[in-house]
Structure formats: C-alpha cells, structure tokens
Amino acid sequence: MMQNFFDHNSQSELLERIFSLSLGLLCIADFNGQFFKVNAAWEKTFGYTVNELNHKNLTDFVHPNDLDATIFAIEKLVSQNDVLNFANRYRSQNGLYHNIEWEFRRYGDFIYIAGKDISQLKITEVSDREFGNKFKSEPQPNPANANLNNRQRVLIVDDSLFNTKILEQNLNKDYDILIANSGIRALSIVNSSDPPDIILLDIIMPEMNGYEVLKKLHQEQRTKDIPIIFLTSLDQAENEEYGLNLGAIDYITKPFNVAIVKAKIKNHLATKSYQDTLKISTDVDQLTNIANRRRFDEMLSNEIKRAKRMNSCLSLLMIDIDHFKMFNDTYGHLEGDECLRKVAFALKNSLKRPADLAARWGGEEFTCLLPDTDEKEAAKIADLLRKAIINLKIPNEFSPVKQFVTISVGVATSDSANKSTYKMLLKHADEALYKAKASGRNRISA
Ligand code: GH3
Ligand code: MG
C-alpha cells in the first residue's frame with residue numbers, strides 16, 4: 001500500500017501537500033537563510049504572502065536584538081548540529097513582533113524549519129497538571145561543577161539558545177556562568193556540591209517549567225536560599241504576581257534590557273554575599289570552621305522531617321576524641337585546639353555526599369548527619385572516619401589506647417518504619433557512644 005502511494009505521488013507533490021496541511025509555520029531555506037519555500041501559515045501568522053517572501057532572507061524579519069543569536073544558531077546548525085531549537089522575536093507585516101519557537105533541522109543542503117507562535121502562551125498552558133510528575137529521579141551531583149575560585153556563580157536556565165548566549169556574553173566577565181537548557185538539567189547542576197549564587201530562570205520550558213523548578217529548589221534546605229530571578233516572555237501582571245509569590249526575588253520580562261538585567265543581578269548578588277557572611281557567623285564553629293551545634297540542630301530537625309516525607313533512613317554519628325584530657329595535659333591547650341581543627345577537617349573531608357554534614361557538637365565531641373543512609377552504611381562510614389583520624393597520626397603518646405589520637409563513634413539510625421524523633425535519635429547515638437567507650441575506645445558501636 002505504502003509503496004503504491006509513493007509511486008503515484010512525486011516527492012514534490014507530497015511536499016506540497018504536507019506544506020498546505022500544516023497549521024504551524026513551515027519553511028525550507030538554504031544555508032544562507034534564503035527562503036526556498038514557505039507554507040500558508042506564514043501569511044496567517046505574519047501577514048506576508050508567499051510572493052512577498054520570495055528572494056527574502058529568513059533573518060530579514062528577526063528583531064535586531066535577536067539577530068546575532070539567530071545567525072549564531074544557524075551557523076551552529078550548519079557546522080555542528082543536525083537539529084537546533086531556539087526562540088526569537090519575528091516581525092510581522094504590521095511591524096509587531098511575535099515570539100516564535102523554532103526547530104531547525106539540517107538535511108542535505110537545506111534547513112527544514114518548523115515554527116510555533118508562542119506570543120499568546122498563558123500561565124494555564126504550563127500548569128502543574130501538565131508538568132507535575134515528570135521529575136522522578138534526581139540526577140547525581142556533578143563534581144565537575146565545583147567552584148575553584150571565589151567568583152560568584154550565575155546559573156542561566158533557558159531552552160532558548162539566543163537568550164543564554166546573550167546573557168552569557170554579557171555576564172561572563174564578572175561571574176562564572178553555568179547554563180542549563182532544561183529545568184531537569186538545572187536541578188542537577190544545583191544539586192552539585194557547589195550550588196550557584198543566583199539563578200536566572202525561564203518559565204516556559206519543555207518537561208519541567210520554571211515554577212516547578214523553583215518549587216523543587218525551595219523544598220530543599222540546601223537550595224531554598226538561592227535567589228531566583230524569573231526571566232520570561234510571560235508578561236502579564238498575574239504571571240509576575242504568581243512568580244513573586246512563589247518566592248522569586250525578581251521578575252524580568254523578555255525582551256529584556258541587558259544593562260538592567262546586569263544591574264539587578266549585581267544588586268541581588270551583593271545582598272546574597274552579605275547574607276552568606278551573616279550565615280557563616282551564625283552557622284560555623286569559630287575554632288574548627290565546620291558547622292556548629294546550632295546549624296546541626298537545624299539540619300537534624302529538617303532531615304528528620306524530610307526522612308519521614310520521603311520514607312527514607314537517616315543516620316547520626318556521635319563522635320568523641322579518646323583521652324583528650326590526657327592530650328591537653330601532655331601538649332597544652334593550644335596544641336589541643338590545633339588537634340580539634342585537624343580532626344574536624346578530616347571528618348568533614350571524609351564525608352563524600354553533598355547532603356552529609358559534619359559538625360562540632362561542643363568540646364571534643366563531633367557529630368555527623370547522614371541522610372538516606374541505613375545502619376549498615378552508617379557503620380561503614382563511622383569506621384572510615386575512625387581510620388581517617390588514626391591516619392592523621394597526631395601523637396597522644398600517653399593514651400592507653402594507642403600512641404595516636406583516636407575517636408570512638410556511636411551510630412544511630414532512624415528507618416522509615418521507626419519514626420524516630422530528634423530526642424530519640426540523639427539518645428540512641430549517645431548510648432552507642434558510651435558503649436564504644438566502655439568496650440575499649442577507638443571503636444564504633446550501634
Ligand atoms: P574519653 O576518652 O572518655 O572521652 O576521655 P577524655 O579525656 O577525652 O574526656 P574528658 O571529658 O575527661 O575530657 C575532655 C577534655 O577535652 C577536657 C577539656 O579540657 C578538653 N576540651 C574541650 N573543649 C576543648 C577545646 O576547645 N580546646 C581544648 N584544647 N580542649 C578542649
Ligand atoms: Mg573524649
């Protein structure tokens with residue numbers, strides 16, 4: 001059947017039919033952007049007749065501010081990609097601009113183009129219903145994103161190539177730029193070990209919209225304070241109100257003025273920097289520079305709630321340096337302080353997952369919070385920490401246990417069936433630590 005159909009229809013006839021059927025914008029152009037063929041939707045959308053577009057170039061109608069990025073997109077398609085999706089503003093015959101989403105495909109010597117007018121897109125079209133359950137498995141953190149300098153980091157989330165390119169070009173002198181072309185990719189970057197300082201977030205994106213991305217980020221303790229600026233073509237007041245009520249720090253509509261975007265980012269990052277400094281002084285232990293008891297308490301109650309919500313395990317280690325009084329008596333308090341710093345540093349560095357937390361509980365006691373970790377895994381980590389401290393080889397020559405500084409560790413785990421409270425977990429960890437001490441020190445106990 002199929003064979004017969006093709007036999008009786010030449011390829012050009014078939015093309016004519018497809019072109020006349022389509023509701024969306026279709027076009028074939030050469031690699032220079034010269035129109036070769038357009039369908040009737042061009043007249044319907046922009047008011048140009050097929051004849052008017054003869055001998056014209058695809059780029060003749062692009063908004064001047066989007067032209068560079070459009071030409072860049074075409075060049076990229078011709079030189080590297082087979083398919084490219086992007087958006088720009090396109091001028092109609094009455095002089096008004098439409099926001100168009102394009103898909104460009106390269107076949108042979110031509111570019112096959114499909115376009116969709118998204119100027120009228122309303123909030124309802126990107127509702128939660130549409131995107132709600134798409135995000136199931138969170139991508140693993142990417143250590144390659146670790147920040148190696150002190151520059152603040154800006155994450156640009158937009159599926160439109162021209163937006164990301166323009167923003168990147170204008171911001172990369174002052175900041176480190178990360179780019180995500182989807183909401184899911186953005187979450188993966190933010191969940192890396194070193195999250196960005198600010199996020200510029202588009203709203204209309206495939207698979208997961210910007211509102212949904214913001215909600216996910218605000219649910220997590222680690223990411224809830226990252227300032228988010230919506231940068232979107234949704235220019236209705238109700239969209240802006242909705243975005244700001246969700247917790248975005250600012251709302252900028254496209255087309256945007258680059259200088260204003262830069263100024264806003266600068267101001268928001270200055271505030272972020274100040275808040276980070278304040279946070280460090282309230283959350284960090286002055287002697288050891290790791291999290292303090294206040295921070296630990298806050299994280300523990302958050303993680304208990306999260307474990308219940310997600311039905312996951314949560315482990316807690318209570319750690320105490322063995323015979324530390326002896327250490328102070330032998331080497332003096334200043335050496336004692338130095339020892340506490342080294343132990344704290346080693347504990348913190350031995351924890352590998354971004355969500356793990358090492359904190360100084362007080363005196364020579366430390367604690368580690370291990371989300372999504374069962375009792376067996378927690379015991380393994382506890383033993384790894386114990387070995388890490390011995391490997392520091394800090395002399396404690398009169399210690400009855402070993403000639404080096406050692407620790408004892410108590411392990412407590414709350415599993416999903418056992419709905420532990422804050423107090424129960426701490427009590428269990430304390431009792432386990434006592435057992436480890438009583439059975440000879442330099443060991444772990446659960
Ligand atoms: P155990 O193995 O039973 O834990 O014995 P220990 O000697 O470590 O325990 P003890 O509670 O008897 O002594 C703890 C010591 O830790 C006493 C205290 O002076 C010292 N310490 C607590 N905080 C600090 C600190 O900030 N700096 C210094 N240098 N020492 C501290
Ligand atoms: Mg001790």
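Modeller: Strand S14 (residues 407-414) and S15 run parallel, joined by 2 bridges. Strands here are DSSP runs of E with at least two residues, helices are runs of H or I with at least four, and both are numbered from the N terminus. Two strands pair if DSSP finds at least two bridges between them.

Biologist: What stands opposite Val-409?

Modeller: Ile-444 in S15.

Biologist: Before we go on, how was this made and counted?

Modeller: This is a predicted model, so local features need pLDDT of at least 70 and side-chain atom pairs count only at pLDDT 80 or more, while totals for chains, interfaces and linings use all residues. Residues are numbered from 1 along each chain as its sequence is written, chains are lettered from A and ligands numbered from 1 in the order in which they are written, and side-chain values use heavy atoms, with hydrogens and water left out.

Biologist: Fine. What order do the strands take in that open sheet?

Modeller: S12-S13-S11-S14-S15, 5 strands with mixed pairing. S12 and S15 (444-445) are the edge strands, each pairing on one side only.

Biologist: How many residues of S12 are buried?

Modeller: 5 of its 6, so S12 is mostly covered because buried means under 20% relative accessible area (exposed is over 50%, partly exposed in between; 1.4 Å probe, protein chains only).

Biologist: And how does S12 run against S13?

Modeller: Antiparallel, with 5 bridges. Ala-359 stands opposite Thr-367 in S13. The two strands form a hairpin with 2 residues between them, and Gly-363 there has a positive phi near 50°.

Biologist: Switching to the metal. Which residues are the protein donors of the magnesium ion, ligand 2?

Modeller: Asp-320 (OD), Ile-321 (O) and Glu-364 (OE), at 1.9 to 2.2 Å from the ion. Donors are N, O and S atoms within 2.8 Å of the metal (3.2 Å for Na, K and Ca); water is not among the atoms, so sites may look incomplete. Along the chain, the donor spacing reads D-I-x42-E.

Biologist: Where do Ile-321 and Glu-364 lie?

Modeller: Ile-321 is in strand S11 (residues 314-321), and Glu-364 is in the loop between strand S12 (357-362) and strand S13 (365-371). They are 43 residues apart, so this pair links distant parts of the chain.

Biologist: Is Ile-321 buried or exposed?

Modeller: Buried, at 1% relative accessibility. Glu-364 is partly exposed, at 22%.

Biologist: Cavities next. How many of 30 Å³ or more are there?

Modeller: The search of the whole structure finds 2. A cavity is a set of points, on a 1 Å grid over the protein atoms alone, where a 1.4 Å probe fits but cannot get out; lining residues have an atom within 4 Å of a point. Points are joined across faces, edges and corners, and the volume is the space filled by probe spheres set on them.

Biologist: What volume does the second largest cavity have?

Modeller: About 40 Å³. Its lining includes Phe-86, Asn-88, Tyr-90, Trp-102 and Phe-104. S3 gives the most to that lining, with 3 residues.

Biologist: What classes are in that lining?

Modeller: There are 6 nonpolar, 3 polar and no charged residues. Ala, Val, Leu, Ile, Met, Phe, Trp, Tyr, Cys and Pro count as nonpolar, Asp, Glu, Lys and Arg as charged, and the others, Gly among them, as polar.

Biologist: How do S3 and S4 pair?

Modeller: S3 (residues 83-91) and S4 (residues 97-107) are antiparallel over 9 bridges. Phe-86 has Trp-102 in S4 as its bridge partner. There are 5 residues between the strands of this hairpin, and Gly-95 in the turn has a positive phi of about 90°.

Biologist: What does Trp-102 face in S5?

Modeller: Gly-115 stands opposite. S4 and S5 (residues 110-117) pair antiparallel over 8 bridges.

Biologist: What about phi of Asn-289 and Asn-442?

Modeller: Both values are positive: near 65° for Asn-289 and about 50° for Asn-442. Asn-289 is exposed, at 57% relative accessible area, whereas Asn-442 is buried, at 14%.

Biologist: Last one. How many disulfides?

Modeller: The count is 0, where a disulfide is a pair of cysteine sulfur atoms within 2.5 Å. Cys-339 is buried, at 1%, and Cys-313 is partly exposed, at 22%.

Key
On a 1 Å grid over the protein atoms alone, a cavity is a set of points where a 1.4 Å probe fits but cannot get out, and a pocket is an open set with protein on both sides within 12 Å along at least five of seven lines; lining residues have an atom within 4 Å of a point.
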